[in-house]
Protein chains: 2
Amino acid sequence: MRSDIADKQQAIFCMLARFGEAMSSPKRLKIISLLSEGPKSVEQLADLTDQSTAATSAHLKLLRASGLVEGHKEGRHVWCSLAGDSVTRVWLALRNLGEELLPEVREIVRDYFEHPETLSALTMTEIMEEVRNNRVILLDLRDQDEYRAGHLPHAKHIELKDLKRRVDELAGDRPILAYCRGPYCITALKGVTSLRKLGIPAQRLPFGVPEWKAAGLPLDRTSLRPSRGRKALAN
Amino acid sequence: MRSDIADKQQAIFCMLARFGEAMSSPKRLKIISLLSEGPKSVEQLADLTDQSTAATSAHLKLLRASGLVEGHKEGRHVWCSLAGDSVTRVWLALRNLGEELLPEVREIVRDYFEHPETLSALTMTEIMEEVRNNRVILLDLRDQDEYRAGHLPHAKHIELKDLKRRVDELAGDRPILAYCRGPYCITALKGVTSLRKLGIPAQRLPFGVPEWKAAGLPLDRTSLRPSRGRKALAN
DNA sequence: TTGATAGTCAAATACTCGTTTGAATAATAT
DNA sequence: ATATTATTCAAACGAGTATTTGACTATCAA
């Protein structure tokens with residue numbers, strides 16, 4: 001009875017250690033990070049993580065075995081996604097840990113992403129309120145697939161490459177809040193810079209869809225599944 | 001410039017992967033779990049994790065190198081502790097992930113810890129309110145060192161082994177809420193069972209000090225440092 | 001059918017990890 | 001000084017991991 005409990009406890013630690021193992025490789029962490037933004041195919045992931053398909057497949061095998069990632073075949077693609085929101089939560093907790101503990105990470109984040117264009121004062125719930133009252137325009141700058149899979153409420157979607165062409169759609173009466181894949185993604189930063197050069201005041205949100213979702217806030221959805229045949233370019 | 005950002009990003013993932021690596025061994029996870037309850041010496045940890053001092057030392061070396069754990073020498077002991085609350089938060093997120101993802105973990109937790117003695121309805125902030133208004137007695141059943149290092153506000157401290165002897169100190173007018181090291185610790189469960197046998201109504205809180213602290217709620221503290229020379233028995 | 005595409009598998013490589021053993025160090029007690 | 005206690009270190013073993021290569025299996029299109 002005593003050792004019974006001890007055994008079971010040990011078993012729990014062993015199972016949790018498999019999660020840790022899954023998160024012990026930079027490549028796999030990058031995969032997790034990418035998947036927290038939405039489902040991707042094996043090939044896309046291989047592309048975005050700069051490694052062979054075979055290597056990616058091996059990493060995904062381990063991730064699937066650990067339970068963090070799920071995949072299902074559809075046509076000749078295998079679509080991978082995180083096994084639940086609690087996986088995203090662990091990933092965000094880990095990233096947050098990095099920002100708090102490692103001065104180097106903090107520095108990189110500061111250098112590249114905490115520009116004056118970043119709106120750091122507004123919390124997510126405050127933004128939610130602003131959106132509800134139609135006082136701001138939310139601008140989603142990610143790829144179309146990602147936008148369809150889930151976006152912030154009432155967010156307008158323009159891909160970064162189309163921004164200059166479609167700039168007149170952003171009627172100038174309300175402030176524009178741009179976002180992309182998360183605090184480490186440069187898309188929104190570029191978009192905000194573009195808009196400012198065109199004389200349109202815009203700010204970048206220091207978070208993306210995963211953070212929004214992890215905070216328990218609602219997402220809008222356009223269609224059920226990302227369309228196929230396109231590869232994400234971004235980073 | 002482009003590849004510069006890519007390089008830095010890759011560097012971030014490498015550093016975060018070291019955290020993952022630190023959490024990829026059951027023994028090290030157990031150490032983290034134990035340390036989330038308060039500082040411990042290398043020898044205590046070796047005892048509690050059922051392994052040689054040398055092996056424990058090696059694990060701690062890795063944990064220290066990753067930055068998750070800090071240690072400082074004091075006399076001939078080295079006292080180890082977690083490097084910050086964000087470490088505890090990652091640990092709790094990981095454990096939560098296990099409970100959500102692995103049916104086996106859920107089952108073990110159910111089997112051993114979700115007895116009717118557990119008070120699952122009250123949230124931590126509600127309990128805080130009850131305590132503030134003096135409507136309940138909080139009972140800390142851990143070892144004295146742990147109690148001193150930090151305990152729930154106004155919690156009374158009686159070690160499990162002294163409970164029967166000191167039972168008359170628990171005046172019978174208010175409900176008793178017992179807690180220990182966390183949802184996986186059996187101390188509070190035993191205490192509640194004892195009290196009930198003695199005719200005193202008591203309930204077990206389904207969380208401990210780490211969870212309370214991670215929720216951002218305040219702790220009371222008795223003295224600064226745990227006394228030496230005693231080894232924790234529990235768990 | 002043939003060819004192309006998306007993904008997995010198996011073998012082989014070099015590399016890293018966990019543990020044990022016994023020695024080394026450092027602080028304290030006698 | 002010597003002994004004792006707490007911890008770290010170094011060498012060595014077996015086990016496991018990451019990546020590459022080339023073969024293999026589906027799926028779909030012409």
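## The interface between chains A and B

In this predicted model, 42 residues of chain B are in contact with 42 residues of chain A. On the side of chain B that touches chain A, at least two residues each are supplied by helix 1 (2–22), helix 2 (26–35), helix 5 (85–101) and helix 6 (103–113). Helix 1 of chain B gives the most to this side, with 14 residues.

The residues on this side of chain B can also be sorted by class: 25 are nonpolar, ten are polar and seven are charged.

Several elements each supply at least two residues of the surface near DNA strand D. Chain A provides helix 4 (53–66), while chain B provides helix 3 (42–48), helix 4 (53–66) and strand 3 (77–82). This surface consists of ten polar, eight nonpolar and five charged residues.

## The two domains of chain A

The domain assignment divides chain A into domain 1 (2–86) and domain 2 (114–227 + 231–235). Eight residues of domain 1 of chain A are in contact with eleven residues of domain 2 of chain A.

Within domain 1 of chain A, helix 3 (residues 42–48) gives the most to the side that touches domain 2, with three residues. By class, this side of domain 1 has three charged, three polar and two nonpolar residues.

Notes. Residues numbered from 1 in each chain as written. Chains lettered and ligands numbered in written order. Predicted model: local features only at pLDDT ≥ 70, side-chain atom pairs only at ≥ 80, totals over all residues. Helix = DSSP H or I, 4+ residues; strand = E, 2+ residues; numbered from the N terminus. Nonpolar A, V, L, I, M, F, W, Y, C, P; charged D, E, K, R; others polar. Contact = placed C-beta atoms within 7 Å. Domains from an automatic or database assignment.
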